[in-house]
Structure formats: structure tokens, C-alpha cells
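Have the structure open beside you and look for the rings as we go.

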Amino acid sequence: MGEIKVGTASWTHRSLLESGWYPPGASTPERRLAHYATRFPIVEVDATYYALPAERTAALWAGRTPAGFTFNVKAFGLLTGHPTRVAALPKDLRPAAGRPRVYPDDLPPGTYEEVWTRFLAALDPLARAGKLGAVLFQFPPWFTARAASRRTILDVAARCHPLRVAVEFRHASWFAGDEREATLRFLREHDLPYVVVDMPQGHRSSVPPVVEATSDLAVVRFHGHSPNWASGDVDEKFAHFYTGAELSAWATHLRALAGRTGETHALFNNCCADNAQRNAAHLIELLDDCER
């Protein structure tokens with residue numbers, strides 16, 4: 001059975017810092033990450049979706065965590081086709097004038113390529129330290145199951161090689177009818193880890209929690225079941241606390257995935273106060289109990 005690593009999708013969220021989860025002495029970014037790493041073996045970096053990371057910052061992350069610690073890094077939003085704030089781009093890459101948000105096609109080809117270059121370069125310190133798990137590409141709700149989308153996924157994987165790319169869908173067409181098996185087969189043929197998601201249903205971005213592995217790495221992201229998923233307030237959107245029964249069911253699913261993979265990552269993205277940290281700790285206890 002492969003290893004199961006459990007963690008959360010942030011260690012710096014404002015409401016987490018206000019929750020009291022960190023001890024009083026963990027008052028700096030360095031001490032917070034060091035404390036987090038004593039509790040969990042993995043973390044997902046979500047800030048990189050909103051702005052390009054800096055290579056120096058990644059080097060600090062690598063240096064502040066113990067050997068064997070894993071960072072999964074969420075791809076910069078522009079690289080997954082999301083509208084991106086112009087202010088999030090490096091100053092020398094910003095368009096001279098225009099809309100406050102841009103899509104990839106709004107930028108000159110050379111600028112778009114430079115964004116890719118800087119994003120991947122920033123991950124080098126983590127890769128060199130052996131601490132980069134997967135680069136998470138969460139595609140937008142309008143990224144539907146069609147040939148062009150599959151070509152985009154293969155292009156992303158080729159650009160990132162030899163880094164591992166994990167694919168998260170946000171449109172139900174990928175799992176509708178026969179498309180479900182076609183989607184899983186496509187990912188398996190190209191050795192691409194599929195991201196299982198647990199999330200609210202009935203929204204444009206909703207996909208079912210299809211618990212499958214398509215590579216030797218499986219990734220599960222827990223977004224919660226907040227009734228306010230459509231809210232623009234992040235705390236409301238992710239304000240779900242998993243019950244013991246919910247976590248017990250997922251512990252069974254994770255062990256099944258681990259039986260088919262070399263490594264499974266379980267990451268809680270219900271980042272409201274310390275919900276994610278408490279749920280992750282409880283899940284670790286349940287998995288440990290299963291092994292006794």
C-alpha cells in the first residue's frame with residue numbers, strides 16, 4: 001500500500017491566523033511554516049494561483065521544512081485559462097493599457113511564454129530539494145470535455161515535464177455518461193494524476209466525487225459542502241467542517257486509492273478559521289487507527 005500524506009491548502013490564510021491554531025511563538029512566516037511541518041507532511045500552495053511565485057520565496061519554503069516534506073503548488077491562474085488581474089503580473093509584463101483582467105489570448109505570445117518561464121523557474125528550489133510533489137492545474141468551469149481541451153492538458157504536461165502535473169476539472173461534462181471512462185482512460189494513457197474533488201453539487205463548477213486513480217500518484221482535494229459556495233466571501237464559500245462520519249468514509253476511500261498507487265495526497269481546502277487543520281488532523285488519526 002502506498003503512503004497517504006494528509007495536509008491543508010494553506011498555512012497563512014487570514015482566518016487561520018486569527019483562529020488561534022498557531023501557538024503564540026509562531027508569529028513569523030518562518031515559524032508558522034516550521035510549526036505546520038511538525039503537524040503535517042504536506043501542504044498545498046494556493047497563493048501561486050493568484051500571483052507568480054518568486055524563486056527566492058520557494059527557496060525559503062524548502063529551507064524551512066524538514067526532509068521529506070512535500071509542497072503541491074497550484075498553477076498560476078493565467079496558465080489554466082482563468083482571467084487574471086493585470087496587477088498580478090510582473091510589472092515588466094503588464095499590458096500598457098486595457099482591461100483590469102486578461103486571458104492568455106490577450107497577451108502577446110512572447111509575454112505569455114515568459115510567464116510560463118518564470119513560473120517554472122520559481123519551482124526549481126523545491127524540485128532541487130526533492131520537496132515538489134505535484135503542480136496542480138485546476139481548469140475553469142468552461143473547460144469542457146473536448147479534443148481541444150485534451151490537447152491543452154498534454155501541452156501543459158509537456159511544458160512542465162519532468163515535474164508532475166495533477167489535473168482538476170470543474171465541468172461535469174468530463175464525467176457525463178461514457179465520457180467518464182474516456183476521461184479516466186485519457187489520463188491513464190498519459191500517466192497524469194487525476195484530482196478527486198469533494199465539493200458542493202448543483203453549481204456550474206460542480207463535478208462528482210469520482211474516486212479513481214490514473215497514475216502512481218493520487219490527489220484528493222476537500223472543498224467542503226458550504227451552502228454558500230457561490231459566495232464571493234472566501235470564508236463563507238469554504239465554511240464547512242467535516243463530521244467524523246464524513247471523514248471515516250473518506251478514510252476508506254483513501255486507503256482504497258493507496259492500494260492502487262505509490263502515494264496519495266489528501267488536502268483540505270475548507271480554509272475557514274482552522275477547519276482544514278482540525279479536519280486533517282482527525283483524518284490522520286482515523287487512518288492511523290485503520291493500520292492498528
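Trp11, Trp21, Tyr22, Tyr36, Phe40, Trp61, Phe69 and Phe71 come together as one aromatic cluster. Keep in mind that you are looking at a predicted model. Across the whole structure, a search turns up 22 aromatic pairs.

How do we describe such a pair? We use the distance between the ring centres and the angle between the ring planes. An angle over 60 degrees would be needed to call a pair edge-to-face.

Now see where these two partners come from. Phe175 belongs to the loop between strand 7 (165–168) and helix 8 (179–189), while Tyr194 lies in the loop between helix 8 and strand 8 (195–198). The two are 19 residues apart, and their pairing links distant parts of the chain. Both Phe175 and Tyr194 are buried.

Next, find Trp229 and Phe238. The centres of their rings are 5.5 Å apart and the planes stand at 85 degrees, which means that this pair is edge-to-face. Are these two residues buried or exposed? Trp229 has a relative accessibility of 5%, so it counts as buried. Phe238, at 11%, counts as buried too, because the cut-off for buried is under 20%.

The charged end of Lys74 sits over the ring of Tyr49, 4.6 Å from the ring's centre. Over the ring of Phe186 you will find the charged end of Arg150, 5.8 Å from the centre of that ring.

Key: Residues numbered from 1 in each chain as written. Predicted model: local features only at pLDDT ≥ 70, side-chain atom pairs only at ≥ 80, totals over all residues. Heavy atoms only, no water. Phe/Tyr/Trp six-rings, centres within 6.5 Å; stacked < 30°, edge-to-face > 60°. Helix = DSSP H or I, 4+ residues; strand = E, 2+ residues; numbered from the N terminus. Buried < 20%, exposed > 50% of the residue type's maximum accessible area, 1.4 Å probe, protein only. Lys NZ or Arg CZ within 6 Å of the ring centre and 35° of its normal.
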